[in-house]
Amino acid sequence: MRHFISQSLIMAELQLQHEVEPQLLNGDDLNEEKEDADAAESVKKKRRKKKRNKTAAAAAGTNEAEGDGEAGGVGDVTKQLEQQTLEDKEREEDGEEDGDEGENSAGKKKKKKKKKKGLKGQTDPPSVPICELYPSGDFPKGEECEYPPSKDGCVTSTSSLTRSSSLPLRSAAWRTTSEEKRALDRANEEMWSDFRQAAEAHRQVRSYVRSWIKPGMTMIDICEKLEDCSRRLIKENGLKAGLAFPTGCSINHCAAHYTPNAGDPTVLRYDDVCKIDFGTHINGRIIDCAFTVTFNPKFDRLLEAVRDATNTGIKFAGIDVRLCDVGETIQEVMESYEVEIDGKTYQVKPIRNLNGHSIGPYRIHSGKTVPIVKGGEATRMEEGEAYAIETFGSTGRGAVHDDMECSHYMKNFNVGHVPIRLPRAKHLLNVINENFGTLAFCRRWLDRLGESKYLMALKNLCDLGIIDPYPPLCDIKGSYTAQYEHTILLRPTYKEVVSRGDDY
């Protein structure tokens, strides 16, 4: 019986050797065929062959020593199986090495591609549109502030107020955690995103302007260089994206609404106080934001007063706040400043007939005004609105009047159908409707579109009430005026100063 088992094991061993040998021969043939084609693969296969030969020689020596015994036969079969397993593992390891090399090389290629297709950085000067800098559409938020306490129209409880009239109304912090308000906020995310995109373009443009504006430049060069950059960053596209109104660059006693017409030789000087006021928009969501540029440090205190007043107005603004109360706080802060210019001391006065305002889609002044002095309307700010909080400080009378040649114009938002007789006026109105709609424009922009000899037609449209002129607004000559302005969003959860930047 034992002899029969021994013989069976030997037969199995011989059969296994016969099965392995053809594989080895086939492997040798394949090696010879691939040696010419791939030298690296040939070296690997030769190494494998040497390992197999060594293993086979060791196994043969063992078979001779052990003879035909039962234990020897079982050991040989086991060793053959182990050898085959080792060979399989070697093949897998070789394959994994090849695969790793392939993956590494592919990875390098992919990384190179990613570098080419990755997020763009802004150039100097800025030329990459904001929508390409943030392809995900997740644009930087402005400064998020909690609403001022006691201004959301809610109280903790009526019984507590009867017990003590000195108890404060509840904080508006509940808005940040209210699920209802957060849902409303998310529902308007597309609108907030449009504002943020336009605001980021404004921030980058004004940062660029501050880097090169200097005395000796003509006002036309300053405006055109600014507007060219703004058009690139906002990626101007008809009425869907572009400039919201002409660049204001009012100087000294002129407080607002001045931009040079063609041929204007005005040059910026060292002792000038220049208000840079420009706007951008995406889908009619307008960013109205302004700052003041000076070169002589004697005006620093004037700028500080106006900037402080603007920030105070922003801090006090909020849902359910009365507009007249905002004006009162602005006036109080601004009039607390005095400035000394050329040996003479002036109290900084708010310009009482200039105001902040609510902003609507494609409508820079949408109905509500935010005064910068005590008095005015008791209308309240409402949730979901956008406002331009702007203040003007002056060393003059603190009031402005129309003066100088008009450059700003805007179509009347509420005008209906008005019959027009002059063909040139009809043509001009079509150009205005197509390129500006109800957004403000200037004569330089009509020149840029190739229009000429349009002044008579423009006057005709103004006389008919279709277009409204907005001439420069000036205080008394010899005075200095400064301006700071931000756009704020009264979101359901937070008040967002969307145009806020590192500069102001």
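In this predicted model, D503 and R206 form a salt bridge, with the closest N and O atoms 2.7 Å apart. D503 sits in the segment after β18 (495-497) and R206 in helix α8 (residues 189-212), so this pair ties together parts that are 297 residues apart in sequence. As for accessibility, R206 is buried at 0% relative accessible area, while D503 counts as partly exposed at 33%.

| Pair | Closest N to O distance |
|---|---|
| D503 and R206 | 2.7 Å |
| K141 and E144 | 3.6 Å |

D342 is exposed, with a relative accessible area of 63%.

K141 and E144 both belong to a salt-bridge network that also takes in D185, E189, R196, R491 and E496. K141 is partly exposed at 47% relative accessibility, and E144 is partly exposed at 33%.

On to a sheet. Three strands make up an open sheet in the order β14-β13-β15, paired antiparallel. β14 (441-442) and β15 (467-470) are the edge strands with a single partner each, so one side of each has no neighbour in the sheet. Strand β13 (residues 408-411) is joined to β15 by 4 bridges, and M410 has D468 of β15 as its bridge partner. Helix α14 (residues 455-463) packs on this sheet, touching β13, β14 and β15, and its direction makes about 105° with that of β15.

Conventions
Residues are numbered from 1 along each chain as its sequence is written. This is a predicted model: local features need pLDDT of at least 70, side-chain atom pairs count only at pLDDT 80 or more; totals for chains, interfaces and linings use all residues. Side-chain values use heavy atoms; hydrogens and water are left out. Two strands pair if DSSP finds at least two bridges between them. Helices (H or I, at least four residues) and strands (E, at least two) are DSSP runs, numbered from the N terminus. Contact means heavy atoms within 4.5 Å. Axes are lines fitted to C-alpha atoms, for helices over the stretch in contact, and angles run from 0 to 180 degrees between N-to-C directions. A salt bridge is a side-chain nitrogen of Lys or Arg within 4 Å of a carboxyl oxygen of Asp or Glu. Buried means under 20% relative accessible area, exposed over 50%, partly exposed in between (1.4 Å probe, protein chains only).
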